[in-house]
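This briefing goes with the sequence and the model shown below.

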Amino acid sequence: MARVVKVFRTLRNHWKKSTFAVCVLSYGGYWLYGKHCDNVLRREACLMAREFGRQQIAPQEHLRKATVILNPAACSGKANNLFEKNASPILHLAGVEITIVKTDYEGQAKKLMEVMEHTDMLIVAGGDGTLQEVITGLLRRPDQDKISNIPIGLIPLGSHNSLSPSLHLLSDNKVKDITSATLTILRGETVPLDVLQIKGEKEQPVFALLGLRWGAFRDAAATISKYWYLGPLKKSAAHWFSTLREWPLVRNVSVSYLAPTLRPPDSPCEKPPRPNLLSRIACRLKNYWNPPIEGSDDHSDNANLTANTSSERINDSLMICAEPDNSTVGDFITVGLVGAGGFYDIDNEEYEAMPVEVRLLPRKLRFFISAERRQQLLSQMQREEGH
């Protein structure tokens, strides 16, 4: 008992050191617990991936090949480590033959797409900039009609991953988001997405999945990072300082557009050629002597999901949004919670503003989507139809 009293007396007499030690130990315990949770997530994902790797393939089939475009500079230079620890083991355990291509400089992904050879799937490991470069390089190829049928997987490793919420259920845990996105690729469910072709007078076209932004709100958003020292007030500060430099913040634009066009019918799915007689006999004998494990799901990377995006749409069209020109300074700062005026944002990438022609390419690319996100989209469509 005397020893316990002595310990408490020592803590009371050195309360500053005791407080500091408690804070350090609490932070250390929280950090170790977070590492443990991340390891549990990795282990569970690897166990699921191993089940994919144990599935039997027919004699005439081959291992799936995946080309990974990895941007090591994404996420402040942490992307390579994040991929190697969280995504690469899952792909290897699932029996996927992967070829990792790392980019060394901005714009290299476009050039890599020009020389990319045949692959069963394309995986983009990076952020918005990497994805935009990949689809631009992919759709600039002479054989883009054929190669655009390759399904694309997105592993969110960048600081900005604007397309990920449309394909995956995101959380506050980076490891969980990466492992879930990788498992989504293995399950093979895909969804067709529309693509925007943005072409200037002389430049080659740029392709986008999210849209094009231009105007005062875009200009203010581009300066938010400069006011990082203001913490949660940096967004409001960026918009407020924009009003000090110029007010009213009005941009004049001339827009001409075509009416929506009738959506063409979906192209029929190509059936794989039937194996010859000897191959079918060998496959039957193999399944007889070594039957597959019951209860395992048949995951096909050729599944094409169209119900959640295009089942009820008849016309293909673009959506053009404009802000009112009678906003006050207070409205601008408040709504602004969402450089110069001479730049566009195309999928959050900065381009010099110039007269452009924007064309819609309906259902041009197929992306892997999680079953949970697909179900949410289906439910959302049913609610909209009910209203």
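A residue is called buried when its relative accessible area is under 20%, exposed when that area is over 50%, and partly exposed in between, as judged with a 1.4 Å probe and protein chains only. By that scale Lys364 is buried, because its relative accessible area is 19%. The model is a predicted one, in which local features need pLDDT of at least 70 and side-chain atom pairs count only at pLDDT 80 or more, while totals for chains, interfaces and linings use all residues. Residues are numbered from 1 along each chain as its sequence is written, and side-chain values use heavy atoms, with hydrogens and water left out.

**Overall make-up**

- The secondary structure of the protein amounts to 15 helices and twelve strands, where helices (H or I, at least four residues) and strands (E, at least two) are DSSP runs numbered from the N terminus.
- Among the 387 residues of the protein, 36% count as buried.

**Strand β1 and its parallel partners**

- Strand β1 (residues 65-70) is largely enclosed by the rest of the structure, because five of its six residues are buried.
- β1 runs parallel to strand β2 (residues 97-102), to which six bridges join it, and in this pair Leu70 stands opposite Lys102; two strands are taken to pair if DSSP finds at least two bridges between them.
- β1 also runs parallel to strand β3 (residues 121-126), here with five bridges, and Val68 stands opposite Ile123 of β3.

**Strand β5 and its antiparallel partners**

- Strand β5 (residues 190-199) is mostly covered, with eight of its ten residues buried.
- Nine bridges link β5 to strand β12 (residues 357-368) in the antiparallel sense, and Val195 stands opposite Leu361 in β12.
- β5 is also antiparallel to strand β6 (residues 206-208), with three bridges between the two, and the bridge partner of Ile198 in β6 is Val206.
- With six residues between them, β5 and β6 form a hairpin.

- Helix α6 (residues 128-139) has twelve residues and reaches 17 Å from its first C-alpha to its last, close to the 16 Å expected at 1.5 Å a residue; the expected span is 1.5 Å times one less than the number of residues in the helix.
- α6 is mostly covered, since twelve of its twelve residues are buried, including Asp128, Thr130, Glu133 and Leu139.
- Thr103 lies in the loop between β2 and α5 (108-114), and Thr103 counts as buried because its relative accessibility is 10%.
- Thr103 and Thr130 are 27 residues apart along the chain, and their C-alpha atoms are separated by 9.1 Å.

**Nonpolar surface patch**

- Leu212, Trp214, Val253, Val255, Tyr257, Met354, Val356 and Val358 form a nonpolar patch on the surface, with about 700 Å² of accessible area together.
- Patches are made of residues with over 30% relative accessible area and no salt bridge, with like charges joined within 9 Å and nonpolar side chains (Val, Leu, Ile, Met, Phe, Trp, Tyr) within 5 Å.
- Tyr257 sits in the loop between α11 (234-245) and β8 (261-262), and Tyr257 counts as exposed because its relative accessibility is 66%.

**Salt bridges**

- The count comes to four salt bridges, each defined as a side-chain nitrogen of Lys or Arg within 4 Å of a carboxyl oxygen of Asp or Glu.
- Lys364 meets Asp145 in a salt bridge (3.2 Å, N to O), and Asp145, at 55% relative accessibility, counts as exposed.
- Glu189 and Arg374 form a salt bridge in which the closest N and O atoms are 2.5 Å apart; Glu189 is partly exposed at 24%, and Arg374 counts as partly exposed at 21% relative accessibility.
- Glu51 and Arg54 meet in a salt bridge (3.8 Å, N to O), and both lie in helix α2 (residues 15-54), three residues apart, about one turn of the helix.

**Cysteines**

- The count of disulfides comes to zero, a disulfide being a pair of cysteine sulfur atoms within 2.5 Å.
- Cys37 counts as partly exposed at 26% relative accessibility, whereas Cys75 is buried, with a relative accessible area of 19%.

Terms used
Areas by Shrake-Rupley, 256 points an atom, 1.4 Å probe, with all protein chains shown as cover.
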